[in-house]
Amino acid sequence: PVRFNRDKMQPPWPWIAAIFAMLLRWSSCFVCGGRDFCLSLPRRRPSREMDVAAAGVAPEFTYTNVLVEDTEPGISIHDITENVRACVKKHFANRRSHQRDGVVHLLSRHTTTAVSINEDETRLRQDIVAYLERLAPASDTYKHNDLHLRPASEKDRQAIDRNWMSQGKGTLEEFMAQEPKNAHSHLLAMTLGQSETIPVVGGELALGQWQSVLMIDLDGPRTRTVGVQVM
């Protein structure tokens, strides 16, 4: 029979350590005692963007107000695509990193304007205006237009004070005197939507072939702004 000399047997720990090291090469994570432990394996050097993120630096972004002056009376449509492209171009020209992909957020900064993405064609503009006028006619009866019954609550009065009287623009009576009957414009703005998000790929707006960025004024004539944030 084969006999083992216990005095000459090597301890098993080196073999266990070697097997354990091999297992770690195959997986960077293991579970022990119901908790996950992740071990860092050699990786390629992080990019500069990762270095910036690790350092706690906020993502680069720029914000611009695009101005649309002297809109037409009633409903009017304005193509601001080139204005948005200019904001994107300026942002990436001044960006510290070489990254050219991102996103641009658009926000209508008024309660009676909208932002939309669609084809900008002359006769289609006329169709859009006619459709919106049928959807919410200005001549219909709206509670918002009962100016003699406003402000209808203390919250309404506080809003007028915050946005008018506290800014030195005049009295409550003066505010009500200049307030337009434009409930239909508010309803149309809520229906159309007041924000858009567009991907930026290679420093360019990822719009479709026939798509344009449109600002729709629903209560002109006014001077309007659209907020453009590029990240």
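Is S97 buried or exposed? Let's start there, since one residue is a friendly way into a whole chain. S97 is buried, with a relative accessible area of 5%. Before we go on, please keep in mind that everything I show today is a predicted model.

So where is S97? You will find S97 in the loop between α3 and β5. From there, the S97 side chain reaches the backbone nitrogen of Q99 at 3.4 Å.

Now let's step back and look at the whole chain. The chain has 231 residues, and 28% of them count as buried. There are 7 helices and 10 strands to find your way around. The accessible surface comes to about 16400 Å², and carbon and sulfur atoms own 55% of that surface. Here is one more number for the overall picture: among contacts with a separation of 6 or more, 81% are between residues 24 or more positions apart.

Let's turn to the sheets, starting with the one that contains β5. How many strands does this open sheet have, and in which order? It has 5 strands, in the order β3-β10-β5-β7-β8, and the pairing is antiparallel. The edge strands are β3, residues 62-68, and β8, residues 204-205, and each of these two pairs on one side only. Helix α3 packs on this sheet and touches β3, β5, β7, β8 and β10. The direction of α3 makes about 35° with that of β10.

Let's walk across the sheet from the β3 side. Strand β3 is joined to β10, residues 224-230, by 7 bridges, and the two run antiparallel. If you want a pair to click on, take N65, whose bridge partner in β10 is G227. Further along, β5 and β7 are antiparallel too, with 6 bridges between them. There you can pick out L107, which has S195 in β7 as its bridge partner.

Look for V200, which stands opposite L205 in β8. These two strands make a hairpin with 2 residues between them, and G202 in the turn has a positive phi of about 60°.

While you have strands on the screen, here is a general point to carry with you. In a regular strand the side chains alternate between the two faces of the sheet.

Now for the other sheet on my list. This one is open as well, with 3 strands in the order β4-β9-β6 and antiparallel pairing. Its edge strands are β4, residues 74-79, and β6, residues 113-118, each pairing on one side only. From one strand to the next, the twist averages 25°. Strand β6 pairs with β9, residues 212-220, over 6 bridges in the antiparallel sense. One spot to look at is N118, which stands opposite S212 in β9. A helix goes with this sheet too: α4, residues 122-135, lies across β4, β6 and β9, running at about 145° to β4.

My last topic is salt bridges. How many are there? The count comes to 5 salt bridges, and I'd like to show you some of them.

Let's go back to α3 for one. The side chains of E82 and R85 meet in a salt bridge, at 2.7 Å from N to O. What separates these two along the helix? E82 and R85 are about one helical turn apart, because they sit 3 residues from each other in α3, which spans residues 81-93. E82 counts as exposed, at 54% relative accessibility, while R85 is partly exposed, at 32%.

Next, find R224 and D217, whose side chains form a salt bridge at 2.9 Å, N to O. Are the two partners buried or exposed? R224 is buried, with a relative accessible area of 2%, and D217 counts as buried as well, at 0%.

Finally, there is a salt bridge between the side chains of R222 and D219, at 2.7 Å from N to O. Here R222 is partly exposed, with a relative accessible area of 31%, whereas D219 is buried, at 12%.

Conventions: Residues numbered from 1 in each chain as written. Predicted model: local features only at pLDDT ≥ 70, side-chain atom pairs only at ≥ 80, totals over all residues. Heavy atoms only, no water. Salt bridge = Lys/Arg side-chain N within 4 Å of Asp/Glu carboxyl O. Helix = DSSP H or I, 4+ residues; strand = E, 2+ residues; numbered from the N terminus. Buried < 20%, exposed > 50% of the residue type's maximum accessible area, 1.4 Å probe, protein only. Pairing = 2+ DSSP bridges. Contact = heavy atoms within 4.5 Å. Axes fitted to C-alpha atoms, helices over the stretch in contact; angles between N-to-C directions. Polar contact = N/O pair within 3.5 Å; in protein donor to acceptor, adjacent residues only side chain to side chain. Areas by Shrake-Rupley, 256 points an atom, 1.4 Å probe, with all protein chains shown as cover.
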